[in-house]
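Dear colleague,

Please find below the structure that I am handing over to you. My findings follow directly after it.

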Amino acid sequence: MTTLGTATQLLELVCATLAAPAFLGWVSQCRAWLQNRSAPSLLQPYLGLRKLFHKDVVLAENASPLFRVAPYVVFGTMVAAAAIIPSMGTGLPLSMAADAIALVGLLATARVFLSLAAMDIGTAFGTLGARREMMVGFLAEPALLMVVFVAAMISKTTSLPLIAEGLTTRALALHPSLAFTAVGFTMVLLAENARIPVDNPATHLELTMIHEAMLLEYSGRHLAMMEWAAALKLLNYACIGFALFIPWGTSTEASGPQGLLLAVPVLVAKLAVAGAGLALIETLSAKLRVFRAPEFLATAFLLAVLGLLMHLLLGD
Amino acid sequence: MSFSYLNACLTMLLAWGAIGVAGLLRPRSVEFAGRTLFPLGAAVGIALAVLALSGIATPAERAVLPLGLPGLPFHLRRDALSCVFLALLGGASAGISIFSTGYFRKGEGALPGLLCLEYHCFLASMGLVLLADDAYAFMVAWETMALSSYFLVTTQHRIPEIRSAGFLYLLIAHVGAIGILLSFGVMQGGTWQFTFDAMRAAHLSPGWATIAFGLALFGFGAKAGLVPMHVWLPEAHPAAPSPVSALMSGVMLKTAVYGVLRVSFDLLDGLQWWWGLVALGLGLVSAFYGVIFAAVQTDMKRLLAWSSIENIGIVFTGVGLTIVFQGAGMGPLAALALVATLYHCLNHAFMKSVLFLGTGCVLHATGERNLGRLGGLIHRMPWVAWLTLVGVLAIAGLPPLNGFVSEWLLLQAFLFAGDVPQTFVNMLLPVGAAVVALCTALAGYVMVKFFGVIFLGQPREAGLAGAHDAGLVERLGLLWLAAACIGLGLFPVQVIGSLDVVARELLKLPAGGWGSEWWLLAPAAARHASYGPLALFGVTLVVVVLAALGVRGVYRRRVRRGPAWDCGFARLDARMQDTAEGFGQPIRHVFEPFFQMERELPTPFDAAPRYRVSVGDRLWTLLYLPLAATVRWVAEQVARLQQGRIATYLLYSFVTLIALLALVL
Amino acid sequence: MAPLPIDLQLLNACAALLLLLAFSMLSQRRIVNLVNLLALQGALLCAATLLVAWRTGQGHLYLSAGLTLALKVVGLPLLLHRLIRRLNVYWDAEPVINTSGTMLIGLLVVVFSFGLAQPITALASTATRNALGIAIAVILLSFLTMITRRKAMSQVVAFLSMENGLFFGAMSATYGMPMVVELGVALDVLVAMLVLGVFFFQIREQFDSLDLHHLESLKEGE
């Protein structure tokens with residue numbers, strides 16, 4: 001546990017937490033440009049959060065303490081996940097405590113608490129949202145785990161920073177298995193973060209909502225924490241994708257403080273491209289019917305397993 | 001060391017027996033059984049657990065009891081494997097006994113003293129199964145376990161469903177016992193000595209060893225609830241009183257796992273790797289089958305019973321993986337897989353007990369088992385709700401609780417499965433990891449349904465307003481078990497220190513190989529993979545607290561209460577929430593071929609429209625009903641022998657006499 | 001393990017993409033998309049042939065690559081698109097088992113082919129022998145696609161995809177086939193297409209639809 005490692009860790013944490021709404025803003029800007037609309041400002045999500053923080057909280061009469069605690073728990077697990085993912089550097093001390101499987105577990109914890117909070121008030125919309133979120137989750141989580149598994153089998157370790165390092169230090173080679181799992185991972189990213197084609201983040205029709213339906217009862221600072229956690233989740237998934245598939249540019253123990261300074265603009269560039277790509281996928285696809293979502297996710301799962309088999313056969 | 005752990009454990013088991021018999025002194029008194037005897041039983045349980053844990057690393061001890069038939073005394077042996085399961089028995093039963101102190105009331109259908117006798121006989125016989133060192137003692141203890149649990153299951157014997165559930169349980173238990181008995185018969189290998197030592201020394205040919213393993217897997221699998229011998233579990237567990245369900249699910253199913261481990265690694269010397277594939281396949285099928293059926297249940301105890309089938313499937317997956325690794329010569333990986341299996345057994349004992357005892361409290365408070373009549377109980381029963389939440393999060397496999405540790409270890413073992421030399425196997429095993437991941441995710445689904453429908457939301461019946469929280473002793477029992485869940489989750493390294501001794505002894509490997517610190521769990525070198533639950537939990541907790549304090553400190557706005565948001569539809573009521581059937585509908589839709597569904601749909605012309613859907617087990621109609629029909633047909637053919645005429649019976653004797661004389665000639 | 005030279009890596013990548021395309025065909029229901037996927041398969045085959053030709057220096061493989069480009073990427077897809085427009089068949093009906101089940105069976109088929117190929121790869125002498133397993137998998141997956149379709153057009157496309165897999169297997173395992181064998185296989189396919197084309201029109205005349213379900217009514221004594 002070196003000072004550089006601790007500094008990287010704290011920097012990653014703080015930057016991820018503060019920059020997550022900006023990433024969301026960038027994605028909606030790109031979407032607006034692609035749809036020939038005038039774009040909102042990049043800092044629009046921050047203004048939204050500020051507005052929510054300054055409002056009173058209105059709780060339903062039968063809300064339990066679980067409902068009030070859930071936003072903080074969800075936010076906390078997302079921040080802890082951001083601390084484990086090597087977005088800027090790989091010498092993270094906390095990654096010894098939690099590897100990639102624990103990361104998937106942390107994301108599952110956030111999902112379970114969100115669903116339980118949605119069921120707490122007991123209206124039809126909340127329970128519908130919880131049911132659909134668990135339906136998306138029970139296929140997306142194994143798909144993500146299999147993607148992680150393939151990367152772990154290639155690098156012979158389940159620790160995310162070591163996987164990223166392993167990929168950078170190997171000679172540049174085409175890995176077909178990683179290509180399959182990358183496609184699968186993108187599909188999981190779309191499903192878990194409630195983007196088109198699985199869910200429309202901008203919808204106001206309750207019967208089509210998955211993620212938004214779970215937030216219907218929240219207001220004020222609780223809603224602000226939930227929205228911030230959702231933005232942080234998208235950023236986390238993007239950074240997991242970078243760590244597993246395009247880790248070049250992150251600083252290692254060997255590259256010292258200059259490496260860390262270099263890693264920040266590299267990360268910004270990667271996020272910009274990823275955000276634009278996400279907006280493009282969303283604009284080109286149409287939203288699926290809710291019961292086509294399991295087929296979509298089953299395809300992602302099968303692609304990940306296929307990548308695994310490809311790795312075992314082709315040996316790379 | 002003059003102190004014999006074996007004698008001490010035996011004394012504890014005898015103490016349980018004595019407590020049970022003491023219940024007969026004042027059979028009708030609830031206070032005597034409840035206030036005095038059950039807490040004594042709990043104390044004995046704790047003592048047993050402590051003894052077993054301290055004796056894990058000591059060498060094996062034997063004893064011969066003067067009980068039994070004249071040439072066949074009881075042989076007993078205590079080794080590391082027995083110690084682990086004795087610790088499980090003692091620890092889990094202590095919590096359940098404390099809970100039972102306040103649980104059993106008058107009018108349950110059986111006299112309290114009788115209940116005390118059956119309960120402690122059950123505990124003592126399970127302990128004796130774990131200590132037995134010859135087939136005779138084993139079978140006597142096994143039968144006692146089956147019989148005492150049958151009487152416990154049929155406590156409320158006046159209800160016909162409970163009687164038929166008990167009958168099914170007893171039937172399948174005895175079919176399994178025949179399998180175990182035949183397996184012991186094959187394993188003695190011609191010496192006609194039924195001690196385990198003789199079986200260890202006997203050398204069987206590979207064919208006979210396979211038959212012995214197959215019979216043992218069938219027999220112990222019937223008791224454990226492996227598909228397709230699982231049909232008794234969803235009937236017997238809901239029929240029994242909740243502490244008994246907890247004991248059966250948490251502890252009794254694990255004695256079957258103990259049996260399989262004992263037979264495969266200790267008694268049989270020629271382990272073949274493909275046996276592991278059979279166990280793995282059965283385990284994966286059970287895990288998947290169990291969890292999808294759990295997702296569509298409408299009775300809370302049936303849901304937990306199916307969830308037990310799923311967890312037993314995961315345990316047998318680990319057992320199969322261990323056998324594959326050991327048979328392929330990869331010793332350290334086999335040890336990892338075995339540690340994962342034993343850890344999951346320990347975890348499940350505590351997690352499932354918390355859940356079953358929670359449902360017991362709900363049943364006592366509301367009188368309802370049907371999920372469609374519960375809801376919103378977190379407000380009326382906060383202690384039960386929050387402690388059950390610990391169990392729910394643990395079984396869903398979420399860090400930093402204990403369910404995640406065993407899942408993590410199992411996935412680490414699967415990660416290395418690609419190195420197995422056999423061709424198809426090294427590709428199928430990682431696919432097995434995919435199925436395990438799927439089952440874990442589905443378990444999360446099931447548990448959100450369980451907790452959300454019972455405790456969250458609004459009450460679906462008006463009568464639920466009278467529900468009361470659990471009493472003090474019930475809370476103590478739940479607290480003990482929940483604390484065990486948290487402890488097993490946050491301090492895995494200490495637990496694995498003991499489990500590793502068991503694995504090394506059973507698989508005959510040298511010690512060492514773990515790269516763990518006290519706060520960090522690492523199966524191989526820490527570079528490969530590591531998990532530090534204390535650090536992870538600490539960091540998350542700090543972030544949550546900081547976020548909460550920060551936000552509430554900076555933005556000091558009020559909190560108002562108002563009605564729930566209803567989208568402009570002013571007449572939202574509690575019946576518009578998701579029902580249990582509704583929550584399980586995505587699973588029914590996605591996995592339709594596995595269910596046997598009967599639907600009754602309303603037509604537009606009904607005056608009183610009804611919608612009914614019932615989800616049944618396909619294996620019941622495909623396997624068990626034809627089997628029962630065949631048995632009945634055979635019985636009818638045999639019944640033709642009974643003519644009722646004396647002349648025919650005399651003819652039978654005459655023909656037999658002629659045949660025997662001809663043979664002698 | 002030292003990384004393979006770049007052209008062999010590209011060959012492995014072609015193999016992987018071929019498998020991905022075969023899998024996508026399994027789940028497609030729009031016949032226009034099926035034909036486009038077939039064209040993509042042809043392009044991959046052309047690229048693979050060029051790579052092998054470059055590696056081994058055999059001249060006739062360049063000719064083969066050109067033929068593949070002309071026929072499988074341009075010619076056949078154009079013909080099939082024309083046929084689709086004339087017969088007005090754009091969508092395939094719901095397959096026999098639902099999509100997820102078909103994909104699961106496809107996965108098992110892939111595992112089986114890979115396991116089958118492992119002893120063979122131990123014997124073969126080229127560096128891309130691993131791709132043989134993928135070729136077998138593509139053949140079996142196309143066969144599965146043929147089984148689970150209703151419309152005759154999709155079955156024909158699957159048949160052509162099977163031939164693509166065969167071609168790829170020969171290319172990767174033995175660095176190309178003798179010209180005679182290749183021409184023979186191509187002739188077989190051409191004759192099959194002619195016969196099938198005649199059959200199509202006859203079926204359409206008789207039943208006024210290309211749903212092969214109707215052929216079942218030709219049973220005797222029904």
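Which helices of chain B each supply at least two residues of the nonpolar patch? They are α23 (618-639) and α24 (646-664). Please keep in mind throughout that this is a predicted model.

**The nonpolar patch on chain B**

The patch lies on the surface and is formed by B:W633, B:V634, B:V638, B:L641, B:Y649 and B:Y652. Together these residues have about 580 Å² of accessible area. The greatest contribution comes from α23(B), which gives three residues. As for B:Y652, this residue belongs to helix α24 of chain B. Its relative accessible area is 32%, so B:Y652 is classed as partly exposed.

**The interface between chain B and chain A**

The size of an interface is often expressed as the accessible area that is lost when the parts come together. For chain B and chain A, the area buried between them is about 6900 Å², and 72% of it is on carbon and sulfur atoms. Chain B brings 75 residues to the contact, and chain A brings 78 residues.

Polar interactions also occur here. Between chain B and chain A, 26 residue pairs are in polar contact, counting pairs with both residues at pLDDT 80 or more. Four salt bridges are found across the interface. A salt bridge also joins the side chains of B:R557 and A:D56, with an N to O distance of 3.6 Å.

Several elements of chain B each supply at least two residues of the side that touches chain A. Among them are the helices α14 (377-380), α15 (382-395), α16 (402-415) and α20 (533-554), as well as the strand β3 (559-562). The largest share of this side comes from α17(B), with 16 residues.

**A closer look at B:T540**

Is B:T540 buried or exposed? This residue, which lies in helix α20 of chain B, counts as buried because its relative accessibility is 11%, and the cut-off for buried is under 20%. Within chain B, a polar atom of the B:T540 side chain lies 2.7 Å from the backbone oxygen of B:L536.

With kind regards

Definitions and conventions:
Residues are numbered from 1 along each chain as its sequence is written. Chains are lettered from A and ligands numbered from 1 in the order in which they are written. This is a predicted model: local features need pLDDT of at least 70, side-chain atom pairs count only at pLDDT 80 or more; totals for chains, interfaces and linings use all residues. Side-chain values use heavy atoms; hydrogens and water are left out. Patches are made of residues with over 30% relative accessible area and no salt bridge: like charges are joined within 9 Å, nonpolar side chains (Val, Leu, Ile, Met, Phe, Trp, Tyr) within 5 Å. Accessible areas come from the Shrake-Rupley method with a 1.4 Å probe; for residues, only the protein chains shown count as cover. Helices (H or I, at least four residues) and strands (E, at least two) are DSSP runs, numbered from the N terminus. Buried means under 20% relative accessible area, exposed over 50%, partly exposed in between (1.4 Å probe, protein chains only). Contact means heavy atoms within 4.5 Å. Buried area is the accessible area (1.4 Å probe) that two parts lose on being put together, summed over both. A polar contact is a pair of N or O atoms within 3.5 Å; within protein, one must be able to donate a hydrogen and the other to accept it, and residues adjacent in sequence count only if both atoms are side-chain atoms.
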